[in-house]
Amino acid sequence: MTFERNLRYPRVLTIAGSDSGGGAGIQADIKTFSALGCFGMTAITAITAQNTCGVRRIHAVPPEMLRDQIDAVLEDIGADAVKVGMLHSPDIVRTVALAIDRHQLQRVVFDPVMVATSGAKLMDDGAVAVLVAELFPRALLITPNLDEAALLVGRALHTPQDMAQAGAELLARGARAVLLKGGHLAGNTVADVLLQPHAAPLWLQAPRIHTANTHGTGCTLSSAIAAYLALGADLPQAVQSAHQFVRYALQAGAQVKTGHGSGPLNHSFAPQPMRLLD
């Protein structure tokens, strides 16, 4: 018996750290890909011992092992989009940059995870300058939150105007597009802004969802953007669709108690069947 193999799944690879508590990192990415009807794959950069209350320990995966994970997946299965998350050291950053070039990856969403929701630092100081030089030009989009953007530009950000200015600076430093997330600003309205060269800023504003369960929000947003890109959306469409997905996931999990700290979103509020592409 022979089988026609003309159909395939939308394929999304996440290159990120593992969250043993299941709310963020690789685990949140895979849940998001599955919920949006995509086939998820992983290349793990670090193993963490963490839960809803904080990060206890980080164990970095050797660069050679990370390289082999990426190559094994892409040489066989391929990827329609890639999400990049926690990169703990300069060597890991360079390993990912080389893999992007080696496999000619185009739809790369980079979430520069530097600080966990609990406040724990997740990146070596030396890795920050390297990621700006190596990954900003290679990623289609970077998605820093307010604290990460403040670290990158070297000053605190307090207003939407501060966000727009910081985003413009990150574009000037080599980013191809910036989604700056303003969820940490005070107030009952949450504002994110998408900045692209030669385009008007796209503001995404919505009422704040009051919940303690925000662990993994940034991971979920960036992986949802990658999933929508894999499904064929352009960048502004992918960002807007992912923004809505995260809001629904926050609402669905707002009243649920998981652990004793910042709990996870409900990624499976309305799971989609696996999509098929020609």
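Reader: At what relative accessibility does glutamate 134 sit, and how does it count: buried, partly exposed or exposed?
Author: Keep in mind that this is a predicted model. Buried would need under 20% relative accessible area and exposed over 50%. Glutamate 134 falls in between, so it counts as partly exposed, at 25%.

Reader: Which residue forms a salt bridge with glutamate 134?
Author: In general, side chains of opposite charge can pair when their charged atoms come close. Here the closest N and O atoms are 3.3 Å apart, and the cut-off for a salt bridge is 4 Å. The partner of glutamate 134 is arginine 138.

Reader: And how does arginine 138 count, buried or partly exposed?
Author: The buried class stops at under 20% relative accessible area. Arginine 138 has 22% relative accessibility, so it counts as partly exposed.

Reader: What does lysine 83 pair with in a salt bridge?
Author: Lysine 83 is in strand 4 (residues 81–84), and its partner is in helix 1 (residues 25–35), 54 residues apart, so to speak a link between distant parts of the chain. Both residues are buried. The side chains meet at 2.9 Å, N to O, and the partner is aspartate 29.

Reader: Arginine 67 and aspartate 68 meet in a salt bridge too; where does aspartate 68 fall, buried or partly exposed?
Author: The N to O distance for this pair is 3.3 Å. Arginine 67 is partly exposed, with a relative accessible area of 35%. Aspartate 68 has 41%, and therefore it is also partly exposed.

Reader: Moving to the nonpolar side, how many residues does the largest nonpolar core have?
Author: Nonpolar side chains tend to be buried together in soluble globular proteins. In the largest core here, the residues with the most contacts inside it are Ile15, Phe110 and Phe136. Isoleucine 15 touches residues including Ala43, Leu66, Ile70 and Val96. The core has 46 residues.

Definitions and conventions: Residues numbered from 1 in each chain as written. Predicted model: local features only at pLDDT ≥ 70, side-chain atom pairs only at ≥ 80, totals over all residues. Heavy atoms only, no water. Core = buried A, V, L, I, M, F, W, Y, C linked by side-chain atoms within 4.5 Å. Buried < 20%, exposed > 50% of the residue type's maximum accessible area, 1.4 Å probe, protein only. Contact = heavy atoms within 4.5 Å. Helix = DSSP H or I, 4+ residues; strand = E, 2+ residues; numbered from the N terminus. Lists of a residue's contacts leave out its neighbours within four places in sequence.
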